[in-house]
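Welcome! Take a moment to look over the sequence and the structure below, and then we can walk through a few of the features together.

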Amino acid sequence: MPDKPKVAFYWCASCGGCEESIVDLAEDILEVAQAVDIVFWPVAMDFKRKHVEAMPDGSILATMVNGSIRTSEQEEMAHLLRRKSQILIAYGSCAHTGGVPSLANQFSKEQILRTVYEEAPTVVNEQKVRPQPRHPYDGTALTLPEFRGLVRSLDQVVEVDYYLPGCPPTPKLLKQAVLTLLSGQLPPKGTVLAPDTAQCDSCPRKESKPADLKITEFKRPHWTQIDPEKCFLAQGIICMGPATRSGCEAQCIKGNMPCTGCFGPTSRVRDQGAKILSALASSVDAREPEEIEKILGGIPDPVGTFYRYSLAKSLLRAKVTR
Amino acid sequence: MEDRPITDKLVTSADWEPLIVAFFCNWCTYTAADLAGVSRMGYDHNVRVIRVMCSGRVDPQFVLDAFAHGADGVLIGGCHPGDCHYVEGNYKTLRRYYLLKRVLRDLGIEEGRLRLEWIAASEGEKVAKTINEMVEQVRALGPLRLTRRFKEWDAELASIEAQARSEEVATHA
Ligand code: SF4
Ligand code: SF4
């Protein structure tokens, strides 16, 4: 039997949701598993790094890496897998645009370590012990990866061929991506493997989105009785739809929750946060500074809202004075 | 826009000049800047003017991109409220300006680095005054220099790449 194409899955700074989404292929996973040889998948199979190191360079057809990059170990694995794979795919929002973890780019490494190891209410650490990259123990040195100063998307560390967006990507997109790879008819390098249109275009509520939005108040979803039929923005609830790529099958919207932007921007947009900022602010129904500021005051955390999944890949990348 | 070469790590006021990117509306502020030039009203030459058809054309991405490419300040000049050639453009700018200022503040860029000013075609003097004021204000804030900061942030990556390359050489030797 000829060798089946080899594929690998790896996770970096991730929550595990992307791994779940692979399992969510359900019976389709059999089809995928039959067509390919999974050579590395730490969450499900017992292959180690040394096995990957022993593979010839370029011997894996495609590797899907999920999670953003925060530690030196994740960087090393990204480099290793890049070398061993013909095609490297950033899988999910974190690998694609930094994801939720990159909201940590608003804080310095020191602030983060202090909060986590000293100040969190559930932490008792009187000696203020912090993890160290090297620690002598019993005649040997114990080592830990370096904690980097920034959270990065995969392509800020190594070259990436394709992107599968989403938090997490849908099984449908994954299946399509695998079939595309196997077909050998590869799209241009750098392609995001999802439609290049805005979420609003495929939204089941788009008919109720007024051409001229006039927002007089921003309402928070958990304080609001949400009309299940009407466009969220028309109800004054922030929806990232206008600045987000489609392809998720409007899962949140069908669940009566607004889009939070996990599919990232379309190819025409460089900075997703700036784009939604522009759309929302332009639609505020006021002309006087005080009135404008009052309405905009209904958005308590613009960075966390507009860049929920994309701060690492935004134009500024982080809080510039951390 | 290139980040000018700097020799030492601590940028002093002696080797740094503020760089301001100005987006001026074709119908008013740009014409006013022309008028200031023709009337030989001097203004600081630290400003690079970009003509746009309306201040409403200034996508917040342009402002962030200017900062990301090394601007220390960004100035937007548009027509007075009620005078917009396209009726509503400058009101859109005003609304975006307030929200953008909050985002910039939250991301560590001081308030004084972004300014919006209404300047009519006849107000050449106001152009000169606004630019001079802004240059002084940004000078007081000091360099922002994001191109340089980005390089510093990524210095922690370079070592890994060098290491990966040397390992590669070792395994192929
Ligand atoms: S703003 Fe949201 S709810 Fe409205 S049409 Fe767009 S995606 Fe749908
Ligand atoms: S609606 Fe928005 S947040 Fe929800 S899955 Fe789709 S892209 Fe992601």
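Is Tyr86(B) buried, partly exposed or exposed? This is a predicted model, and in it Tyr86(B) has a relative accessible area of 40%. Because buried means under 20% and exposed means over 50%, Tyr86(B) counts as partly exposed. You can find Tyr86(B) in the loop of chain B that runs between β3 (73-78) and α3 (89-106). Together with Trp27(B) and Met53(B), Tyr86(B) makes up a nonpolar patch on the surface, and the three share about 300 Å² of accessible area.

Now let us turn to the place where the two chains meet. The size of an interface is often given as the accessible area lost when the parts come together. Here chain B and chain A bury about 3800 Å² between them, with 61% of that on carbon and sulfur atoms. On the chain B side, Arg95(B), Leu107(B) and Trp153(B) lose the most area to chain A, together 19% of what that side buries.

Here is the contact in counts:

| Item between chain B and chain A | Value |
|---|---|
| Contact residues from chain B | 39 residues |
| Contact residues from chain A | 44 residues |
| Salt bridges | five salt bridges |
| Polar contacts (both residues at pLDDT 80 or more) | 19 residue pairs |

A salt bridge links Arg287(A) with Glu88(B), and their closest N and O atoms are 2.3 Å apart. As for secondary structure, α2 (60-68), α3 and α5 (146-172) of chain B are the elements that each give two or more residues to the side touching chain A. Of these, α5(B) gives the most, with 15 residues.

How values were computed
Residues numbered from 1 in each chain as written. Chains lettered and ligands numbered in written order. Predicted model: local features only at pLDDT ≥ 70, side-chain atom pairs only at ≥ 80, totals over all residues. Heavy atoms only, no water. Patch = residues over 30% accessible without salt bridge, like charges linked within 9 Å, V, L, I, M, F, W, Y side chains within 5 Å. Areas by Shrake-Rupley, 256 points an atom, 1.4 Å probe, with all protein chains shown as cover. Salt bridge = Lys/Arg side-chain N within 4 Å of Asp/Glu carboxyl O. Helix = DSSP H or I, 4+ residues; strand = E, 2+ residues; numbered from the N terminus. Buried < 20%, exposed > 50% of the residue type's maximum accessible area, 1.4 Å probe, protein only. Contact = heavy atoms within 4.5 Å. Buried area = accessible area lost by both parts, 1.4 Å probe. Polar contact = N/O pair within 3.5 Å; in protein donor to acceptor, adjacent residues only side chain to side chain.
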